[in-house]
Each structure stands twice: as C-alpha cells, then as structure tokens.
Amino acid sequence: MENILDVEHLSVRFGDTAVLRDLSFGLPKGATLAVIGPNGSGKTVLFRALIGALPHEGVLCWAPGVRFGYVPQKLDIDRDLPLTGLDLLSARAGIAGVGAKEVAAALGRVGLEGAVASRPIGALSGGQFQLLLFAFALLANPNVLLLDEPTAGIDEPGQDRLVEVLRSIQSEQDTTVLLISHDLSVVSGQATHVLCLGRKRAYFGAPLEVITPKTLDEIYGTHVRFHVHDHD
Amino acid sequence: MSTTTIESALLLVVTSATAGLVGSFIVMRRMVLAADALSHVALPGIGFALLLKIHPLVGALFALLLGTLFIWGIERRARLPVETVVGVVFSGALAVGSLMTSGDELIHALLGKPTQLGIAELVIALAGSTGVVAFLALRWRELLVSLVSRDIATSIGIRPWSLELQFMIVFAVTVALGVRYLGVLLMGSLVIIPAATAKHVAVSLRGTVAVAVGLAVTSMALGTWIGAATGRETGPPIVLVAVAFFLLSLRKRAFV
C-alpha cells in the first residue's frame, strides 16, 4: 500500500543537542501510529517536525494532499483572552471556507455543548479546552490527525467518546492517526503501528513486535509493568 | 492648500478608529509594552526628516518600518522575548531622537502639534487607514489562530512568522498615521489604552473590537473638545480621557 508518510534519517537539533537522531519509518494510509517513550525522548518534537513547525535534517515526506488536524499537548494561553471557543472555531471555518453547520457538527462530534463553546476560552476547564481543540482539529475534514496525549485532562466518558470518534472517522474516511500516549493499553488496543522512542535508539513496528518487556525495559531504563497479552 | 475643520475631524475619527482596531489585536497578542515602545522608534525618524527637510511622516514611517524589521529579525534569530528586544531598541531610539531634535521640536514630536493639514496628508492618512483595515479584515482569522498557537497555525498552512511581520508593519503604519498630530507618545497610547479597556470588559472578539474602536474615537473626540475649550494641546487630554475609561473599567471588574 502507498505510504502517506515517509521519514528517513530524520534528525532534529536544538543548538548542540540532538533531540531526534537518524529516525526512519514509513506509515501506510489509514494507519494508526502510537508514539511512546519516556519523558524527554522527543515525542512532541517529532510531531512539531512532522507539521513543519521545526527545522530538521533528513527526509520527511508527506503524500500530496494531506490536511492536518493537530491537537497539541498543553497550550499556555492567556486566561484573559477575550475570545470565545466559537470565535476560534469560526476563524478556522472561515479559513477552510466552511460554514456554521460544520462548526456545529464538529462540536457535536466531540460532545461539547454550544453553550460551553460560546464561553471565553479562559473560562473553560482544561478538559473542555482540550475538546475544543479537538473540534478545531476535526473542522476542516483532515485526513491526518496528530494527537499529542489527546486524552490527558479529559474525563472518563469524554475519553471513551474520543476513542469512539477516532474509530468512526477512521472507518468512514480512511484518516491516518498519529497519537502520543503514555497509556500502553490504549496503544496496544488501537494502534496498527508503534514507534517507541528511546534516548539511544527507536523501535518501529506492529504493537506486538514493539511492546515487549525487553524493549520497554531498554527504552524506559526500568521495569515497566505491562504485558500485551494481559488484557482480555 | 489646506483642509477644512470637517476634513480634519474626519481624519481624526478614521485615525482613532484604526488605532482602536489594531490595538485590539495588540492587547490579545500580549504586545502592549512592545507596541508602546516601538512607537517611540518614530522619534529619530522625525529628527532625520526635520534635519533633511523632508516630511516628518516619511521620516517616522521609515524609522518605524526599519525598527519593525530589526525587531522581527532579532526575535526570530535569537528567539528572545520581543519585550526584551524592543526595550533595547526603544532606549536607543529615544537617545538618538533626543540628540537630533531639541526644545519645541522634541515636545511636538512626542506630544503632537495641532496643525492645518494639507490635502496630500489627508489622502495619505485615509489610504493608510484603509490599508490597515483591509489587512485586518482579510487576515483576522489567521492572526487569531496563530495567537492561540503558532504550531496549530503552522499545521493548517499559516506561516506565523510571515504573518507576524505583516501585522507589525500594519502596526507601524498605524502609529505613523497619528504621529504628526498626536505625537509619538500619544499615538502609542491611543492604540493601546482603549484596547486594554476593551479586553477588560469584553469576552468575545467582536465585543473587544467594538469597545476598543468606540472608546478610541470617543477619547479622541472628548479630548479634542477639552483641549480646545481649555486652550491647551489636544494630545494630553485625549490620553487622559482614555485613561479615565480604563480606570472605570477596573471598577466594573471589581464590583460586577
């Protein structure tokens, strides 16, 4: 199958520090890639390089016609910002040339009420703001979703709903999903591919190949209690 | 050839409305200090213009654009906070400007001078305002997204750095529009204070822009009237009216 993303010998440096070194992998269209690894292994940096926000060395090649939906991990926004959630979504809709109907549909999909979305974004809780960013990412019909710890700060029902939304989007539209997660059970349940970033080297492959006690011990440098075969 | 009072009034309304509009985006970008300081860069430009006997507006605009490019370039290269960079540039500009202008000239450059405007000045100012308003009308969505997150903006095909430069140029033009009549210090204030008040009382983008534009025009009108009635320069009362509105907004915030 044709790859939607090809990465070859990718390196990202901040000054003299190489955060990502000689990373290579390829992702078929419609795949779900889970990126795991300890803190500081460069997961977020990889995503930022993938969307074009960081300079890099090596090959980073998306198939033509990709439309990103990116949900960052945490945003340090000014709490006093006189902007409502709807202001932000309408701006996105305007850029993409879609209307209020799509805005309402995106809000419905993530389960955010219109009344909540019309509050100033500073007045939203962490979880509500995360859902708003999710709706923002879904708005212009993306074919690649990049989710940096998408469920962090979102309550249990909200998480279930997001997982459901991801499933339906993928089955309907053949969307490629890349997600960063610390939750290994989520990873092994949903991912078709896993990229495990360590400080020394990275592993890429099918979940069962990559998430093994041996790899995890090596990458995390300590014993991680997780066995893929445990969940039923 | 000189303009009539009505034409001058029209110009003042347009200039202040533009200031309020641009100010709304300045306060949302947390660029208040930077913007205020940047407006002072006009001073050495006016000094040069007086020295070379060219129109002060040309000198001011040139210096502002140069300052804008310089600040943008340094911020981008060194990744310094814009406030730091502007603080340094501003102090330098003020020093150079003070050396080059003196006495009455300095006071006028800082605080403005009520003058009869030529037709050419009126036309240039109207064209400048139109350009600024058109830019914001076309680009407010992209500006909004990139002030929430540069990364998200990048992911949907916006180039935040280029957009930022364009916005700063628009700001420089706005300041240059008012420099001749309000002075460098006061034009910066007219951009920032009404918008800061608006940010306090409004909760949506539409509300912020409406309040900022309304207050900027009102401050300009009331201040001009007070200045004329008391026989003083019009600049200081304009800023004082704007400050009074800001203080009132704090009161509202504390009690509502």
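Q: The expected span of a helix is 1.5 Å times one less than its number of residues; how far does helix 9 of chain B reach from its first C-alpha to its last?
A: This is a predicted model, in which local features need pLDDT of at least 70 and side-chain atom pairs count only at pLDDT 80 or more, while totals for chains, interfaces and linings use all residues. Residues are numbered from 1 along each chain as its sequence is written, with chains lettered from A and ligands numbered from 1 in the order in which they are written. Helices (H or I, at least four residues) and strands (E, at least two) are DSSP runs, numbered from the N terminus. Helix 9 of chain B, residues 160-182, has 23 residues and an expected span of 33 Å at 1.5 Å a residue, and close to this is its reach of 32 Å.

Q: Which residue takes a positive phi just after helix 6 of chain A?
A: Helix 6 of chain A, residues 156-173, has 18 residues and reaches 26 Å from its first C-alpha to its last, close to the 26 Å expected at 1.5 Å a residue. Just after this helix, a positive phi of about 60 degrees is taken by Asp174(A).

Q: Which helix gives the largest share of the side of chain B that touches chain A?
A: Counting residues as in contact if their C-beta atoms, placed from the backbone, lie within 7 Å, the contact takes 22 residues from chain A and 20 residues from chain B. On the side of chain B, the elements giving two or more residues are helix 7 (119-148), helix 8 (150-155) and helix 11 (205-230). The largest share, 5 residues, comes from helix 7 of chain B.

Q: How is helix 2 of chain A set against helix 7 of chain B, by the class of their angle?
A: Axes are lines fitted to C-alpha atoms (for helices over the stretch in contact), and angles run from 0 to 180 degrees between N-to-C directions. Helix 2 of chain A, residues 85-96, packs against helix 7 of chain B at about 125 degrees, with the axes 9 Å apart. Since angles under 35 degrees count as roughly parallel, over 145 as roughly antiparallel, 65 to 115 as roughly perpendicular and the rest as oblique, that makes helix 2 of chain A, relative to helix 7 of chain B, oblique.

Q: How many nonpolar, polar and charged residues make the contact of helix 2 of chain A with helix 7 of chain B?
A: From helix 2 of chain A come Asp87(A), Leu88(A), Ala91(A), Arg92(A), Gly94(A) and Ile95(A), and these meet Arg141(B), Glu142(B), Leu144(B), Val145(B) and Val148(B) in helix 7 of chain B. With Ala, Val, Leu, Ile, Met, Phe, Trp, Tyr, Cys and Pro counted as nonpolar, Asp, Glu, Lys and Arg as charged, and the others, Gly among them, as polar, the residues of this contact divide into 6 nonpolar, 1 polar and 4 charged.

Q: How are helix 2 and helix 5 of chain A oriented, parallel or antiparallel?
A: Residues including Leu88(A), Leu89(A) and Arg92(A) of helix 2 make this contact with Leu132(A), Ala135(A), Phe136(A) and Leu139(A) of helix 5. The two helices pack at an angle of about 10 degrees, with their axes 10 Å apart. Helix 2 and helix 5 of chain A are therefore roughly parallel.

Q: Which are the edge strands of the sheet of 6 strands in chain A?
A: This open sheet has the order 5-6-7-3-8-9, with mixed pairing, where two strands pair if DSSP finds at least two bridges between them. Each edge strand pairs on one side only, and the edge strands of chain A are strand 5 (68-71) and strand 9 (202-205).

Q: What is the bridge partner of Val35(A) in strand 7 of chain A?
A: Strand 3 (residues 32-36) and strand 7 (residues 176-180) of chain A run parallel and are joined by 4 bridges. In strand 7 of chain A, the partner of Val35(A) is Ile180(A).

Q: What is the bridge partner of Glu8(A) in strand 4 of chain A?
A: An open sheet of 3 strands in chain A has the order 2-1-4, with antiparallel pairing. Within chain A, 5 bridges join strand 1 (residues 3-14) to strand 4, and the two run antiparallel. In strand 4 of chain A, the partner of Glu8(A) is Val59(A).

Note on methods. Contact = placed C-beta atoms within 7 Å. Expected span 1.5 Å × (residues − 1).
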